[in-house]
Amino acid sequence: MTTLVIGGAGYIGSHVVRLLLEQGERVIVVDDLSTGLRSRAEGAELLELDVTRPEAREVLAESLRSSGADSVIHFAAHKQVGESVENPEMYWHDNIGGLANVLSACASAEVRDVVFSSSAAVYGVPDVDLVTEDLTPRPINPYGATKYVGEWMLADAERAHGMRTVALRYFNVAGAGWPELADTAVMNLVPIVLDALEQGRAPVVFGDDYDTPDGTGIRDYVHVLDLAHAHLAALDYLRGEERPHRVFNVGTGEGSSVLEVIDAIARARGIEITPEIGARRPGDPARLICSGDRIAQTLGWKSEHGLDDIVRSAVEARAAALAPDADAYPEG
Ligand code: WQD
(Lines give C-alpha, C1' and ligand atoms only; values in the text may rest on other atoms or scores of the structure.)
Protein backbone atom coordinates (compact mmCIF):
# COMPACT_ATOMS: atom_id res chain seq x y z
CA MET A 1 0.00 0.00 0.00
CA THR A 2 1.07 3.61 -0.53
CA THR A 3 0.28 6.37 1.94
CA LEU A 4 0.86 10.12 1.70
CA VAL A 5 1.73 11.45 5.17
CA ILE A 6 1.26 15.20 5.23
CA GLY A 7 3.37 16.63 8.00
CA GLY A 8 5.32 13.37 8.09
CA ALA A 9 8.56 15.17 9.02
CA GLY A 10 6.97 16.31 12.27
CA TYR A 11 7.10 14.80 15.75
CA ILE A 12 3.99 12.59 15.58
CA GLY A 13 3.93 12.15 11.80
CA SER A 14 7.47 10.78 11.71
CA HIS A 15 6.54 8.07 14.21
CA VAL A 16 3.70 6.99 11.94
CA VAL A 17 6.01 7.08 8.89
CA ARG A 18 8.51 4.84 10.69
CA LEU A 19 5.83 2.27 11.57
CA LEU A 20 4.43 2.28 8.02
CA LEU A 21 7.93 1.73 6.58
CA GLU A 22 8.57 -1.08 9.08
CA GLN A 23 5.48 -2.87 7.78
CA GLY A 24 6.69 -2.54 4.23
CA GLU A 25 4.44 0.23 3.01
CA ARG A 26 5.53 2.84 0.50
CA VAL A 27 5.40 6.25 2.17
CA ILE A 28 5.50 9.68 0.59
CA VAL A 29 6.12 12.41 3.16
CA VAL A 30 4.68 15.79 2.21
CA ASP A 31 6.14 18.52 4.39
CA ASP A 32 7.24 22.16 4.00
CA LEU A 33 9.97 21.56 6.62
CA SER A 34 8.94 24.78 8.38
CA THR A 35 8.95 22.88 11.68
CA GLY A 36 9.56 19.31 10.45
CA LEU A 37 13.04 17.83 10.07
CA ARG A 38 14.23 16.29 6.79
CA SER A 39 16.09 13.64 8.80
CA ARG A 40 12.82 12.40 10.27
CA ALA A 41 11.59 11.44 6.78
CA GLU A 42 14.52 9.08 6.21
CA GLY A 43 13.46 5.98 4.30
CA ALA A 44 10.42 7.66 2.79
CA GLU A 45 10.12 9.72 -0.38
CA LEU A 46 9.90 13.44 0.42
CA LEU A 47 7.75 15.97 -1.42
CA GLU A 48 8.70 19.39 -0.01
CA LEU A 49 5.45 21.34 -0.26
CA ASP A 50 3.42 23.86 1.75
CA VAL A 51 -0.08 22.42 1.47
CA THR A 52 -1.62 25.78 2.36
CA ARG A 53 -0.46 27.29 -0.96
CA PRO A 54 -3.11 27.53 -3.73
CA GLU A 55 -0.97 25.50 -6.12
CA ALA A 56 -0.69 22.69 -3.57
CA ARG A 57 -4.08 21.28 -4.54
CA GLU A 58 -2.93 20.20 -8.01
CA VAL A 59 0.57 19.21 -6.91
CA LEU A 60 -0.94 16.91 -4.28
CA ALA A 61 -3.49 15.47 -6.71
CA GLU A 62 -0.71 14.69 -9.18
CA SER A 63 1.39 13.06 -6.46
CA LEU A 64 -1.58 10.94 -5.41
CA ARG A 65 -2.28 9.87 -9.00
CA SER A 66 1.32 9.18 -10.01
CA SER A 67 2.10 7.24 -6.82
CA GLY A 68 -1.13 5.27 -6.88
CA ALA A 69 -1.63 6.21 -3.22
CA ASP A 70 -4.42 4.44 -1.37
CA SER A 71 -4.63 6.75 1.64
CA VAL A 72 -3.64 10.03 3.20
CA ILE A 73 -2.82 10.89 6.82
CA HIS A 74 -2.99 14.62 7.51
CA PHE A 75 -0.93 16.02 10.39
CA ALA A 76 0.26 19.39 9.08
CA ALA A 77 -1.21 22.18 11.23
CA HIS A 78 -0.30 24.84 13.76
CA LYS A 79 -1.04 23.60 17.28
CA GLN A 80 -0.30 26.27 19.83
CA VAL A 81 -3.38 27.34 21.75
CA GLY A 82 -1.98 30.69 22.87
CA GLU A 83 -0.68 31.53 19.39
CA SER A 84 -4.10 30.71 17.93
CA VAL A 85 -5.76 33.23 20.23
CA GLU A 86 -3.31 35.97 19.17
CA ASN A 87 -3.30 35.07 15.47
CA PRO A 88 -6.53 33.27 14.57
CA GLU A 89 -6.18 34.24 10.88
CA MET A 90 -3.08 32.10 10.51
CA TYR A 91 -4.95 29.12 12.07
CA TRP A 92 -8.03 29.60 9.86
CA HIS A 93 -5.93 30.00 6.72
CA ASP A 94 -3.38 27.24 7.36
CA ASN A 95 -5.19 24.63 9.43
CA ILE A 96 -8.52 24.82 7.60
CA GLY A 97 -7.16 25.96 4.23
CA GLY A 98 -4.48 23.28 4.23
CA LEU A 99 -7.01 20.55 4.95
CA ALA A 100 -9.30 21.95 2.24
CA ASN A 101 -6.48 21.59 -0.30
CA VAL A 102 -5.76 18.06 0.85
CA LEU A 103 -9.39 16.95 0.64
CA SER A 104 -9.79 18.59 -2.78
CA ALA A 105 -6.71 16.75 -4.03
CA CYS A 106 -8.03 13.45 -2.65
CA ALA A 107 -11.39 13.99 -4.36
CA SER A 108 -9.69 14.90 -7.64
CA ALA A 109 -7.38 11.87 -7.51
CA GLU A 110 -10.18 9.63 -6.21
CA VAL A 111 -8.26 8.68 -3.08
CA ARG A 112 -10.90 7.67 -0.54
CA ASP A 113 -9.18 6.97 2.78
CA VAL A 114 -8.15 9.89 5.01
CA VAL A 115 -7.00 9.88 8.64
CA PHE A 116 -7.09 13.32 10.25
CA SER A 117 -5.11 14.56 13.24
CA SER A 118 -7.72 16.13 15.50
CA SER A 119 -7.41 17.06 19.15
CA ALA A 120 -8.94 16.92 22.60
CA ALA A 121 -8.93 20.71 22.28
CA VAL A 122 -12.27 20.37 20.47
CA TYR A 123 -13.83 19.64 23.88
CA GLY A 124 -12.78 22.95 25.44
CA VAL A 125 -13.40 22.77 29.19
CA PRO A 126 -15.63 19.71 29.61
CA ASP A 127 -17.60 19.38 32.84
CA VAL A 128 -17.24 15.59 33.00
CA ASP A 129 -14.51 13.48 34.57
CA LEU A 130 -14.14 11.12 31.61
CA VAL A 131 -14.54 12.55 28.10
CA THR A 132 -16.31 10.38 25.54
CA GLU A 133 -16.77 11.15 21.85
CA ASP A 134 -20.49 11.69 22.49
CA LEU A 135 -19.71 14.84 24.46
CA THR A 136 -20.65 17.87 22.33
CA PRO A 137 -17.44 19.66 21.37
CA ARG A 138 -17.22 23.25 22.58
CA PRO A 139 -13.78 24.49 21.57
CA ILE A 140 -12.68 27.61 23.49
CA ASN A 141 -9.81 28.71 21.25
CA PRO A 142 -9.22 29.06 17.51
CA TYR A 143 -6.88 26.05 17.48
CA GLY A 144 -9.55 23.73 18.87
CA ALA A 145 -12.13 25.33 16.58
CA THR A 146 -10.02 24.59 13.47
CA LYS A 147 -9.82 20.94 14.52
CA TYR A 148 -13.57 20.72 14.99
CA VAL A 149 -14.21 22.41 11.62
CA GLY A 150 -11.78 19.91 10.13
CA GLU A 151 -13.97 17.08 11.37
CA TRP A 152 -17.00 18.67 9.69
CA MET A 153 -15.00 18.93 6.45
CA LEU A 154 -14.26 15.20 6.60
CA ALA A 155 -18.00 14.51 6.93
CA ASP A 156 -18.71 16.81 3.95
CA ALA A 157 -16.11 14.95 1.86
CA GLU A 158 -17.69 11.62 2.80
CA ARG A 159 -21.11 12.80 1.67
CA ALA A 160 -19.88 14.52 -1.51
CA HIS A 161 -17.25 12.06 -2.71
CA GLY A 162 -17.80 8.78 -0.89
CA MET A 163 -14.57 9.23 1.02
CA ARG A 164 -13.88 7.15 4.14
CA THR A 165 -12.43 9.19 6.99
CA VAL A 166 -11.32 8.93 10.60
CA ALA A 167 -10.54 11.80 12.98
CA LEU A 168 -8.31 10.97 15.93
CA ARG A 169 -8.74 13.33 18.89
CA TYR A 170 -5.33 13.27 20.58
CA PHE A 171 -5.10 13.87 24.29
CA ASN A 172 -1.67 14.85 25.65
CA VAL A 173 1.04 13.30 23.53
CA ALA A 174 4.58 12.96 24.89
CA GLY A 175 7.64 10.72 24.85
CA ALA A 176 9.71 9.35 21.98
CA GLY A 177 9.43 6.04 20.16
CA TRP A 178 12.95 6.55 18.86
CA PRO A 179 15.32 9.15 20.37
CA GLU A 180 15.89 10.82 17.02
CA LEU A 181 12.16 11.41 16.61
CA ALA A 182 11.71 13.17 19.96
CA ASP A 183 9.62 16.33 20.18
CA THR A 184 12.03 19.18 19.52
CA ALA A 185 9.39 21.86 20.10
CA VAL A 186 9.17 23.17 23.65
CA MET A 187 5.44 23.76 23.78
CA ASN A 188 4.08 21.15 26.14
CA LEU A 189 4.65 20.18 29.77
CA VAL A 190 7.24 17.39 29.42
CA PRO A 191 9.63 19.17 27.02
CA ILE A 192 9.08 22.45 28.90
CA VAL A 193 10.18 20.84 32.19
CA LEU A 194 13.18 19.11 30.57
CA ASP A 195 14.18 22.40 28.95
CA ALA A 196 13.93 24.26 32.29
CA LEU A 197 16.09 21.64 34.02
CA GLU A 198 18.75 21.92 31.33
CA GLN A 199 18.83 25.67 31.80
CA GLY A 200 19.05 25.35 35.57
CA ARG A 201 15.60 26.85 36.04
CA ALA A 202 12.77 25.55 38.21
CA PRO A 203 9.74 24.41 36.21
CA VAL A 204 6.60 26.47 36.83
CA VAL A 205 3.32 24.82 37.79
CA PHE A 206 0.38 26.75 36.33
CA GLY A 207 -1.77 26.83 39.42
CA ASP A 208 -2.12 24.46 42.38
CA ASP A 209 -5.62 25.45 43.45
CA TYR A 210 -7.63 23.30 41.07
CA ASP A 211 -10.25 20.89 42.35
CA THR A 212 -7.89 17.92 42.00
CA PRO A 213 -6.16 15.73 44.64
CA ASP A 214 -2.90 17.73 44.63
CA GLY A 215 -4.43 20.94 43.27
CA THR A 216 -2.63 20.80 39.90
CA GLY A 217 -4.07 20.18 36.44
CA ILE A 218 -4.74 16.60 35.38
CA ARG A 219 -4.26 15.40 31.80
CA ASP A 220 -4.29 12.09 29.93
CA TYR A 221 -0.70 11.55 28.70
CA VAL A 222 -0.34 9.13 25.82
CA HIS A 223 2.96 7.78 24.46
CA VAL A 224 3.63 9.02 20.93
CA LEU A 225 4.43 5.45 19.85
CA ASP A 226 1.03 4.25 21.07
CA LEU A 227 -0.57 7.16 19.25
CA ALA A 228 1.30 6.23 16.06
CA HIS A 229 -0.06 2.69 16.30
CA ALA A 230 -3.56 4.16 16.59
CA HIS A 231 -3.09 5.70 13.12
CA LEU A 232 -2.21 2.33 11.62
CA ALA A 233 -5.26 0.83 13.30
CA ALA A 234 -7.34 3.64 11.78
CA LEU A 235 -5.96 2.87 8.29
CA ASP A 236 -6.86 -0.80 8.69
CA TYR A 237 -10.32 0.22 9.84
CA LEU A 238 -10.87 2.38 6.76
CA ARG A 239 -9.93 -0.53 4.51
CA GLY A 240 -12.54 -2.71 6.18
CA GLU A 241 -16.25 -3.00 5.39
CA GLU A 242 -18.06 -1.98 8.61
CA ARG A 243 -17.17 1.56 9.78
CA PRO A 244 -19.73 2.66 12.40
CA HIS A 245 -17.68 5.62 13.64
CA ARG A 246 -15.55 8.45 12.24
CA VAL A 247 -14.20 10.05 15.42
CA PHE A 248 -12.06 8.41 18.14
CA ASN A 249 -10.43 9.74 21.29
CA VAL A 250 -6.82 8.64 21.67
CA GLY A 251 -5.63 8.54 25.26
CA THR A 252 -4.98 6.10 28.08
CA GLY A 253 -8.01 6.69 30.31
CA GLU A 254 -5.56 7.49 33.13
CA GLY A 255 -5.01 11.01 34.46
CA SER A 256 -1.72 12.43 35.74
CA SER A 257 -1.34 15.76 37.52
CA VAL A 258 1.35 18.29 36.73
CA LEU A 259 3.13 17.45 40.00
CA GLU A 260 2.94 13.73 39.19
CA VAL A 261 4.55 14.38 35.80
CA ILE A 262 7.29 16.45 37.40
CA ASP A 263 7.85 13.71 40.02
CA ALA A 264 8.10 11.12 37.21
CA ILE A 265 10.73 13.28 35.48
CA ALA A 266 12.65 13.61 38.77
CA ARG A 267 12.63 9.80 39.14
CA ALA A 268 13.74 9.28 35.53
CA ARG A 269 16.54 11.82 35.97
CA GLY A 270 17.45 10.61 39.49
CA ILE A 271 17.22 14.15 40.86
CA GLU A 272 15.05 16.25 43.15
CA ILE A 273 12.89 18.88 41.43
CA THR A 274 11.28 21.73 43.36
CA PRO A 275 8.93 23.51 40.96
CA GLU A 276 7.69 27.05 41.37
CA ILE A 277 3.95 27.48 41.80
CA GLY A 278 2.69 30.10 39.38
CA ALA A 279 -0.71 31.47 38.40
CA ARG A 280 -3.30 29.45 36.55
CA ARG A 281 -3.10 29.62 32.74
CA PRO A 282 -6.34 31.06 31.31
CA GLY A 283 -8.48 28.44 29.57
CA ASP A 284 -6.91 25.45 31.31
CA PRO A 285 -9.47 22.87 32.45
CA ALA A 286 -8.80 21.24 35.84
CA ARG A 287 -8.86 17.80 34.25
CA LEU A 288 -9.05 16.32 30.77
CA ILE A 289 -9.07 12.51 30.73
CA CYS A 290 -10.38 10.47 27.85
CA SER A 291 -12.59 7.45 27.72
CA GLY A 292 -10.83 5.05 25.37
CA ASP A 293 -13.76 2.64 25.14
CA ARG A 294 -14.78 3.43 21.55
CA ILE A 295 -11.29 3.03 20.02
CA ALA A 296 -10.67 -0.13 22.05
CA GLN A 297 -13.97 -1.72 21.04
CA THR A 298 -13.94 -0.56 17.39
CA LEU A 299 -10.25 -0.49 16.41
CA GLY A 300 -8.91 -2.89 19.02
CA TRP A 301 -6.37 -0.24 20.07
CA LYS A 302 -5.25 0.41 23.64
CA SER A 303 -2.25 2.31 24.97
CA GLU A 304 0.62 0.09 26.11
CA HIS A 305 2.82 2.65 27.88
CA GLY A 306 2.25 4.48 31.15
CA LEU A 307 3.53 7.82 32.43
CA ASP A 308 6.91 6.47 33.59
CA ASP A 309 7.56 4.92 30.14
CA ILE A 310 6.58 8.19 28.46
CA VAL A 311 8.78 10.33 30.68
CA ARG A 312 11.73 7.92 30.59
CA SER A 313 11.68 7.87 26.77
CA ALA A 314 11.62 11.68 26.67
CA VAL A 315 14.49 11.95 29.17
CA GLU A 316 16.57 9.36 27.29
CA ALA A 317 15.93 11.10 23.96
CA ARG A 318 16.99 14.42 25.44
CA ALA A 319 20.16 12.87 26.85
CA ALA A 320 20.96 11.30 23.48
CA ALA A 321 20.46 14.65 21.75
CA LEU A 322 22.84 16.33 24.20
CA ALA A 323 25.47 13.57 24.10
CA PRO A 324 28.62 14.40 22.12
CA ASP A 325 27.96 13.37 18.52
CA ALA A 326 30.18 10.37 17.85
CA ASP A 327 30.16 11.29 14.16
CA ALA A 328 31.68 14.63 14.99
CA TYR A 329 35.07 13.00 15.65
CA PRO A 330 37.36 12.13 12.72
CA GLU A 331 37.76 8.49 11.80
CA GLY A 332 40.82 6.65 13.24
C1 WQD B 1 -0.44 20.25 30.28
C2 WQD B 1 -0.64 20.60 31.75
C3 WQD B 1 -0.87 22.96 32.13
C4 WQD B 1 3.32 23.89 31.08
C5 WQD B 1 -2.25 21.20 24.75
C6 WQD B 1 -3.18 21.58 23.65
C7 WQD B 1 -3.90 20.35 23.18
C8 WQD B 1 -2.93 19.27 22.82
C9 WQD B 1 -1.99 18.99 23.98
C10 WQD B 1 -2.54 19.24 20.44
C11 WQD B 1 -1.69 21.69 31.95
C12 WQD B 1 0.38 22.41 32.82
C13 WQD B 1 2.12 23.24 31.30
C14 WQD B 1 4.01 24.47 32.17
C15 WQD B 1 2.29 23.71 33.65
N16 WQD B 1 -2.15 19.62 21.69
N17 WQD B 1 1.62 23.15 32.57
N18 WQD B 1 3.46 24.36 33.42
O19 WQD B 1 -2.74 22.57 27.51
O20 WQD B 1 -3.22 20.16 28.24
O21 WQD B 1 -3.00 20.71 25.83
O22 WQD B 1 -1.37 20.22 24.32
O23 WQD B 1 -3.49 18.65 20.08
O24 WQD B 1 -4.64 20.71 22.06
O25 WQD B 1 -4.12 22.46 24.18
O26 WQD B 1 -0.99 20.75 27.27
O27 WQD B 1 1.37 20.53 27.88
O28 WQD B 1 0.39 22.86 27.60
O29 WQD B 1 -0.24 21.49 29.58
O30 WQD B 1 1.83 23.63 34.80
O31 WQD B 1 5.12 25.09 32.04
O32 WQD B 1 0.58 21.13 32.27
O33 WQD B 1 -1.52 23.91 32.94
O34 WQD B 1 -2.38 21.40 33.16
P35 WQD B 1 -2.55 21.11 27.31
P36 WQD B 1 0.21 21.46 28.04
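Which element gives the most residues to the shell around the ligand?

Author: Strand 9 gives the most, with 3 residues. Before going on: this is a predicted model, where local features need pLDDT of at least 70, side-chain atom pairs count only at pLDDT 80 or more, and totals for chains, interfaces and linings use all residues. Residues are numbered from 1 along each chain as its sequence is written, and side-chain values use heavy atoms, with hydrogens and water left out.

Now the shell itself: 17 residues surround the ligand (a heavy atom within 4 Å), and the closest include Tyr143, Arg219 and Arg281. They split into 10 nonpolar, 4 polar and 3 charged (Ala, Val, Leu, Ile, Met, Phe, Trp, Tyr, Cys and Pro count as nonpolar, Asp, Glu, Lys and Arg as charged, and the others, Gly among them, as polar).

Some side chains reach ligand oxygens with polar atoms. For Tyr143 the distance is 2.7 Å, and for Asn172 it is 2.9 Å. An N or O atom in the side chain of Arg281 also lies 2.7 Å from a ligand oxygen. On its own the ligand has 680 Å² of accessible area (Shrake-Rupley method, 1.4 Å probe), and the protein covers 90% of that.

Where does this put the ligand? Domain 1 (2-173 + 221-250) and domain 2 (174-220 + 252-328) both give residues to the shell, so the ligand lies between them. Those bounds come from an automatic or database domain assignment. As for the domains themselves, 42 residues of domain 1 are in contact (heavy atoms within 4.5 Å) with 39 residues of domain 2.

Definitions and conventions: Polar contact = N/O pair within 3.5 Å; in protein donor to acceptor, adjacent residues only side chain to side chain. Helix = DSSP H or I, 4+ residues; strand = E, 2+ residues; numbered from the N terminus.
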